[in-house]
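Please keep the sequence and the structure in view while reading.

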Amino acid sequence: MPEGYLDDYYLLNEPEALHYHDFLEIGYCVSGSGLFYVDGKVIPFSAPCCSIIYGGQVHIAQNVGPQRSLWHFSYINLKKLFTDADLLQVSQLKAMSPHLYDFPSVIPQAEEPILHQLVVAILDETARLQGDYLTAMRGLITALLARHSRMMVPTKNPAGSKRDSQTQLLARLGDVLLYINQHYTEDLTVDHLIDAGGASKSTLQRDMIDFTGLAPMQYIHHLRMKRATLLLTEGIPVADVAFDVGYNTLSSFNRHFLKEFGMSPTQWKKTHTSAAE
């Protein structure tokens, strides 16, 4: 799904609700840049890149910058695609137990060109539906999962069911996280988040740390910094970036940026612009 066509999906500037599902979602970004949120992590992306999201992973994506971010996505039920014999072989891959591992969910084409080619080839097969396309899909997806498995390392917290804990946290934090993702460039306080989610300050603090690894205000600053890097890459002046991401003074923006990246925004911009060239 979708089958028989390749859908154009333009990300919104305001993210939709966080969600998860029971199938494999793959996509590739043709143009634009933005932020992906996957299991509490904030991941900047710029075209061209691909995404691999497994069942149970909580996620959304958001456009950042003046250019609309164009993606193509496909959703694959692995249990229906593979036969029982196929599943026995595929189940040996790390990617079939993603909750046990840490791994990148959004991968730039320059870092993994073959993985990107596999994603494009899979989407092409779903769009064209040519002869024996399911056979081709099984081979391509097996190769994709095997290659992605090489990027996986055991998680530091393997005990228990990460999927269950994530979905339970989402039930409690969904409204708060959506509110943050829609308003993080504004003058937010913890009281705003408490009103949005209805939980006590201590519960909010605990759940945010469990889900994102950061306290509420730390997460907001982290989110602003990720957005700032995308805008700096677009060539927007540092002062304009500071106000765009939610800081009233340049000194405050510089202080948080230095804490996040170990260098000033000007240094970061010079380093990454030179690297891109």
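The model is predicted, so local features need pLDDT of at least 70 and side-chain atom pairs count only at pLDDT 80 or more, while totals for chains, interfaces and linings use all residues. Residues are numbered from 1 along each chain as its sequence is written, and side-chain values use heavy atoms, with hydrogens and water left out.

**The sheet.** Three strands form an open sheet in the order β4-β3-β6 with antiparallel pairing, where strands (E, at least two residues) and helices (H or I, at least four) are DSSP runs numbered from the N terminus, and two strands pair if DSSP finds at least two bridges between them. Because β4 (41–46) and β6 (59–64) stand at the edges with a single partner strand each, one side of each has no neighbour in the sheet. Neighbouring strands are turned by 20° against each other on average, direction ignored, the axes being lines fitted to C-alpha atoms, for helices over the stretch in contact, and angles running from 0 to 180 degrees between N-to-C directions. Helix α8 (residues 216–233) packs on this sheet and touches β3, β4 and β6, its direction making about 5° with that of β4. Strand β3 (residues 33–38) pairs with β6 in the antiparallel sense over 6 bridges, and V38 stands opposite H59 in β6.

Leaving aside neighbours within four places in sequence, Q57 is in contact (heavy atoms within 4.5 Å) with residues including H19, Y20, V38 and F103. R150 and Y54 are 96 residues apart in sequence and 16 Å apart in space, C-alpha to C-alpha.

**Helix α10.** The 12 residues of helix α10 (residues 250–261) should span 16 Å at 1.5 Å a residue, and its end C-alpha atoms are 16 Å apart, which agrees; the expected span is 1.5 Å times one less than the number of residues. Its buried residues are S252, F253, H256 and F257. They cover an arc of only 130° around the axis, which puts them on the same side of α10; the arc is that of the directions from the helix axis to the C-beta atoms. On the other side of α10, S251, R255 and K259 are exposed. G262, whose phi is positive, near 75°, follows α10.

Notes: Buried < 20%, exposed > 50% of the residue type's maximum accessible area, 1.4 Å probe, protein only.
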